[in-house]
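Here is a quick tour of some charged pairs and strands. Have the viewer open while you read.

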Amino acid sequence: MSRFTKEMETRAYELLALYPEKRSATIPLCHLAQEQNGYLTEESMVQIADLVGTTPAEVLGAASFYDMLHTEPVGKYVVGVCTNIACLLQGGEELLGHAEEKLGIATGATTDDGMFTLEDMECIAHCDHAPALQVNYRFFGPLTNDGFDTLVDDLSAGKLESEVPPHGTLSRVQRKHPIAVPLEEIVRHRRDSDAKEGERLAAKAAAEAKEGSN
Amino acid sequence: MPLPPLKIVSARANDPKNVTLEGYLANGGYQGLKRAVLEMNPEDVRDQVMQASLLGRGGAGFEAGRKWSMLKKSDIRYLVINGDESEPATFKDHMLVESDPHQLVEGALIAGYAIGAARVFIFLRGEFALGFERVQNAINEAYDYGAIGRDIFGSKFSIDLVLHPGAGAYICGEETSLLESLEGKRGFPRIKPPYFPAVIGLYGKPTIVNNVETVANLPWIVKNGASSFTDLGAGRSRGTRMFALSGQVNRPGTYELEMAKNTFRDIIFDPEFGGGLRPGRSLKAIIPGGVSAPWLGPDQLDVVLGQDEVAAVGSMLGSGSIIVMDDSTCMVKAAWRISKFFARESCGQCTPCREGGSWIEKVMNRIESGAGREEDLDLLMDLCDNIVPGVSWPPQQTTICVLGPSIPSSVAVSIKMFRDEYLTHIKEGGCPYD
Ligand SMILES: Cc1cc2nc3c(=O)[nH]c(=O)nc-3n(C[C@H](O)[C@H](O)[C@H](O)COP(=O)(O)O)c2cc1C
Ligand code: SF4
Ligand code: FES
């Protein structure tokens, strides 16, 4: 089952209502679908297309552009080791090599038990903790090989369930408020305030001109 | 000696309570927004920002006040905050978002008021999971507090603010790509002209795109006045700047420093800041401003950290990052890794960027792995020249966005500064540092 559950569907409609154009909800909805199913299934892309008013091909086209959106199953924990410049200088490549050994998989692959997917990431903006990595987009670093082993063992033993929730950026993010003021009303307001601002500026310019001529 | 740091945007960063509304209010939060909407007209706020000479902190360094003044008249206009922060070795917005989420919200609302935005979107890099929790929580609290929504703080001004996730693509930091992404599409940068989203932006409406740190300065500017801001810094570079120091330095981290008052030497070697290099190591090169920027050598340590000062020596202050490389580092490998980054992140629309970038990476990889030939250096320069005619700096633009023209600088400058090191790789058939 990979369509949104009833509860998730409610969240999906809340997200859709935040945008002047529904299509803007595409990526938030992809995150939501990943949170529910672990990855983006064909069925959920069809449903997202329906919700945002595009085609499944458009959703897949967008999804395939972004590194965080997975159209194939991934492990429970997505481990992304940064090998970009600041991490490279502090042993990021070696850490990635060690991670391959420890997990017994190549970069890009998923362990047989479905626990871990290993990725080679570009800079994750945690460079002062190099070599750094993310597990389900939670930051760790600087990591030694031993530190990496402990991290993986703790994850496997279920010790970090609360620190590292299921992947999906939105998994613990809940907006409490709907849009407070409809766009049409805002537009009327802005038209009025722009007109008033125009008058103020004109008055000021006139006053300055007068002062200048004195 | 560097001056004692006066902090604006990171002033509350070390107070863990500050992430909640209660803590932020105890630290003087939302006073800037209150003053703006209750005591000032939008044009007064814009005047203050213009007078403050607040240069954009996202990379290009365009004056915020001037950008705002270019906004095309329209009933609907939008404000989008750029929190995509994916420039390698740049991590100041990461820190600002997690440590002071309300400051970002307050700054975004002040900007929204000043330009009369119909709605504000904060586009945050998808990988900032904790940042999302913090900023969304701040938004929820700010609605309850009356800082967002209808008639904020009892003024007649109403506005909504939406936090929007990216999904992992460096290019979405480029503002037109960001807007495409926010519209639910692939992050392809838009063809220019129009040059500025201020004319045609989100959903075709005039839009201001500002960086996280840029708007984070606004609460302070409105509260303390533009002249307090211009009391800091020199020349065009006013106020403070967040520097992200990384690489082979003892104390990597973010440091907020007064603009144009300190040098690379200060930030790298002062015990308060970088604390110098590891014992026995010496400085080989610095990459300022992001990996698009030409590198600097140890002889340029006394260059002042200001917009024009760094530009004057042929590089840029850019995103405020500073990467330190010591003599244990292979310059070919460093330049190769940067070229790999660009090859991976090119969106593929323009031939020079897509093809040139991946060919440069292949040739760099060949040299680093020991299979290079002496002609490869000329080949690399030729490839660079095909992307940026004359390999000039600042680069001439042959492509839709400036990602492509950013590719040559690290390659060309490393060949220029460290030609011998390239030749050693070629002659010895391998990397001397392995
Ligand atoms: C390839 C590329 C990546 C960029 N990445 C970012 C980014 O991550 N964050 C950012 O604020 N600006 C980034 N920029 C600059 C933006 O296009 C834009 O100039 C900036 O957000 C404007 O904000 P400011 O005027 O407040 O600096 C990038 C530009 C390019 C060409
Ligand atoms: S220069 Fe590169 S990243 Fe920019 S639009 Fe062209 S192909 Fe895409
Ligand atoms: S280079 Fe690895 S986190 Fe920035």
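## Charged pairs and strands

At 19% relative accessibility, B:Glu133 counts as buried, because the cut-off for buried is under 20%. Keep in mind that this is a predicted model.

What does B:Glu133 pair with? Its salt-bridge partner is A:Arg172, with the closest N and O atoms 4.0 Å apart. A:Arg172 sits in the loop between helix H7 (145-156) and helix H8 (183-213) of chain A, while B:Glu133 is in helix H7 (residues 129-145) of chain B, so this pair joins two chains. On the chain A side, A:Arg172 is partly exposed at 40% relative accessibility.

Side chains of opposite charge can pair when their charged atoms come close. Over all chains, the count comes to 40 salt bridges. Here are a few of them:

| Salt bridge | N to O distance |
|---|---|
| A:Glu93 and B:Lys333 | 2.7 Å |
| A:Arg172 and B:Glu133 | 4.0 Å |
| B:Arg278 and B:Asp326 | 3.0 Å |

Take A:Glu93 and B:Lys333, whose side chains meet in a salt bridge at 2.7 Å, N to O. A:Glu93 belongs to helix H6 (residues 92-103) of chain A and B:Lys333 to helix H14 (residues 331-345) of chain B, so here too the pair joins two chains. A:Glu93 counts as partly exposed at 29% relative accessibility, whereas B:Lys333 counts as buried at 19%.

B:Arg278 and B:Asp326 form a salt bridge with their closest N and O atoms 3.0 Å apart. This pair links distant parts of the chain, 48 residues apart: B:Arg278 is in the loop between helix H12 (264-269) and strand E9 (283-288) of chain B, and B:Asp326 is in strand E10 (residues 321-326) of chain B. B:Arg278 is partly exposed, with a relative accessible area of 33%, but B:Asp326 is buried at 0%. Elsewhere, salt bridges that share partners tie A:Asp120, A:Glu122, B:Arg337, B:Lys340 and B:Arg344 into one network.

B:Asp326 also leads us into a sheet, as the bridge partner of B:Leu283. Their strands, E9(B) and E10(B), pair in the antiparallel sense over five bridges. How are the strands of this sheet ordered? The open sheet has four strands in the order E8-E7-E10-E9 (chain B), with mixed pairing. Strand E8 (253-258) and E9 of chain B stand at the edges with a single partner strand each, so one side of each has no neighbour in the sheet. Neighbouring strands are turned against each other by 25° on average, direction ignored. Helix H5 (residues 92-99) of chain B packs on this sheet, touching strand E7 (240-247) and E8 of chain B, and its direction makes about 115° with that of E7(B).

Now for another strand of chain B. Is strand E3 (residues 160-165) of chain B mostly covered or uncovered? Mostly covered, with six of its six residues buried. In a regular strand the side chains alternate between the two faces of the sheet. In E3(B), both faces are covered: B:Asp160, B:Val162 and B:His164 are buried on one side, and B:Leu161, B:Leu163 and B:Pro165 are buried on the other.

Six bridges join E3(B) to strand E2 (residues 119-124) of chain B, and the two run parallel. In this pairing, B:Val120 stands opposite B:Leu161. Finally, E2(B), H7(B) and E3(B) make a right-handed β-α-β unit, and H7 of chain B is the helix that holds B:Glu133.

Key. Residues are numbered from 1 along each chain as its sequence is written. Chains are lettered from A and ligands numbered from 1 in the order in which they are written. This is a predicted model: local features need pLDDT of at least 70, side-chain atom pairs count only at pLDDT 80 or more; totals for chains, interfaces and linings use all residues. Side-chain values use heavy atoms; hydrogens and water are left out. Buried means under 20% relative accessible area, exposed over 50%, partly exposed in between (1.4 Å probe, protein chains only). Two strands pair if DSSP finds at least two bridges between them. A crossover is right-handed if, with the strands pointing away from the viewer, the path from the first strand over the helix to the second runs clockwise. Axes are lines fitted to C-alpha atoms, for helices over the stretch in contact, and angles run from 0 to 180 degrees between N-to-C directions. Contact means heavy atoms within 4.5 Å.
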